[in-house]
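Biologist: I've got this one open now. Let's go through it together.

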Amino acid sequence: MDFAQIRAALALRPPERVIDVVRSRAAVAILLREGTDGLEALFIRRAEHPRDPWSGQVAFPGGRWEPGDRDLEATARRETLEEIGLDLGAVAEPLGSLDEVRAMARLRPMDLSITPFVFRLRQASPTTLSPEVTSLHWLPLRALLDPAAASTTEYVHEATTLRFPSLDVGGLVIWGLTYRMFTGLAERLRAASAHADQAAP
């Protein structure tokens with residue numbers, strides 16, 4: 001897997017947008033870099049906070065659009081700078097966006113949609129975690145896409161234990177909204193690979 005394949009996957013079709021009218025929109029950054037074992041993707045762990053519906057979960061850096069943001073890509077850039085201290089305008093290049101998703105929290109749809117934007121990190125850069133973030137993790141894309149990473153996460157809601165699909169890479173569990181957004185990237189990559197195979201002589 002290389003960046004040419006990532007670009008081809010993102011260019012395969014226009015990203016879908018949420019049709020329903022929502023009160024708020026947000027954006028996240030899926031940041032990729034060249035690692036020792038191929039491409040790696042950046043994840044954060046959100047700090048524990050009683051008012052955060054995704055408290056303590058593994059996520060991508062991002063947040064809600066604010067009036068000063070030119071567009072949602074600008075939102076992803078601003079939030080990444082605020083949360084982990086990376087200035088994407090200086091150290092990364094945009095590769096494209098994925099399908100917008102309707103946010104869910106505690107099994108209820110929220111009046112919020114989220115657009116993931118994919119970036120390539122061009123150079124190593126120090127990070128500074130805000131109080132909203134407890135840790136930062138670079139995970140090999142190969143491991144995330146490996147069927148062996150597929151897992152199930154239990155979530156207790158109103159005394160009922162529910163099970164959701166997830167990814168488990170080295171004990172870091174990715175589920176919920178972040179799982180849905182990463183799955184969107186994985187589906188694009190598989191579709192691009194199949195398209196390339198069909199086009200090969």
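**Strands first, then side chains**

Modeller: Start with strand E6 (residues 101-105): it pairs with E7 in the antiparallel sense, over 4 bridges. Helices (H or I, at least four residues) and strands (E, at least two) are DSSP runs numbered from the N terminus, and strands count as paired if DSSP finds at least two bridges between them.

Biologist: Before we go on, what am I looking at, and how are the residues numbered?

Modeller: It's a predicted model, so local features need pLDDT of at least 70 and side-chain atom pairs count only at pLDDT 80 or more, while totals for chains, interfaces and linings use all residues. Numbering runs from 1 along each chain as its sequence is written, and side-chain values use heavy atoms, with hydrogens and water left out.

Biologist: Good. Which strand runs parallel to E7?

Modeller: That's E1 (residues 24-35), joined to E7 by 9 bridges. Ala27 stands opposite Thr115 there.

Biologist: And how does E5 run against E7?

Modeller: Antiparallel, with 5 bridges. Ala92 has Leu121 in E7 as its bridge partner.

Biologist: How many residues of E7 are buried?

Modeller: 10 of the 14 in E7 (residues 108-121), so the strand is mostly covered. Buried means under 20% relative accessible area, exposed is over 50%, and partly exposed is in between (1.4 Å probe, protein chains only).

Biologist: Let's pick a residue in there. Is Ser113 buried or exposed?

Modeller: Ser113, which sits in strand E7, is at 0% relative accessibility, so it counts as buried.

Biologist: What do the side-chain polar contacts of Ser113 look like?

Modeller: There's one to Arg25 at 3.3 Å and one to Glu100 at 2.6 Å. A polar contact is a pair of N or O atoms within 3.5 Å; within protein, one must be able to donate a hydrogen and the other to accept it, and residues adjacent in sequence count only if both atoms are side-chain atoms.

Biologist: What else is Ser113 in contact with?

Modeller: Leaving aside neighbours within four places in sequence, the list includes Val18, Val22, Ser24, Ala26, Val101 and Ala103. Contact here means heavy atoms within 4.5 Å.

Biologist: Ser24 is on that list. Where is Ser24?

Modeller: In strand E1. Its side chain makes a 3.4 Å polar contact with that of Arg64, and beyond four places in sequence Ser24 is in contact with Arg64, Asp111, Leu112 and Ser113.

Biologist: Changing topic: how many salt bridges are there?

Modeller: 16, from a search of the whole structure. The cut-off is a side-chain nitrogen of Lys or Arg within 4 Å of a carboxyl oxygen of Asp or Glu.

Biologist: Which residue does Glu93 form one with?

Modeller: Arg7, with the closest N and O atoms 3.2 Å apart. That pair links distant parts of the chain, 86 residues apart: Glu93 is in strand E5 (residues 92-97) and Arg7 in helix H1 (residues 3-11). Glu93 is partly exposed because its relative accessibility is 23%, and Arg7 is partly exposed too, at 35%.

Biologist: Which residues form a salt-bridge network?

Modeller: Glu66, Asp69, Arg78, Glu79 and Glu82. Within it, Arg78 meets Glu66 at 3.6 Å, N to O. Arg78 is in helix H2 (residues 72-84) and Glu66 in the loop between strand E4 (62-64) and H2, 12 residues apart. Arg78 also bridges to Glu79 at 3.1 Å.

Biologist: Now zoom out. How many helices and strands are in the chain?

Modeller: 5 helices and 11 strands. Buried residues make up 44% of the 201.

Biologist: What's the radius of gyration?

Modeller: 17 Å, which agrees with the value near 17 Å for a compact globule of 201 residues. It's taken over C-alpha atoms, and the globule rule is 2.2 Å times the number of residues to the power 0.38. The C-alpha trace spans about 55 × 40 × 35 Å along its principal axes.

Biologist: And what share of the contacts comes from residues 24 or more positions apart?

Modeller: 68% of the contacts with a separation of 6 or more.
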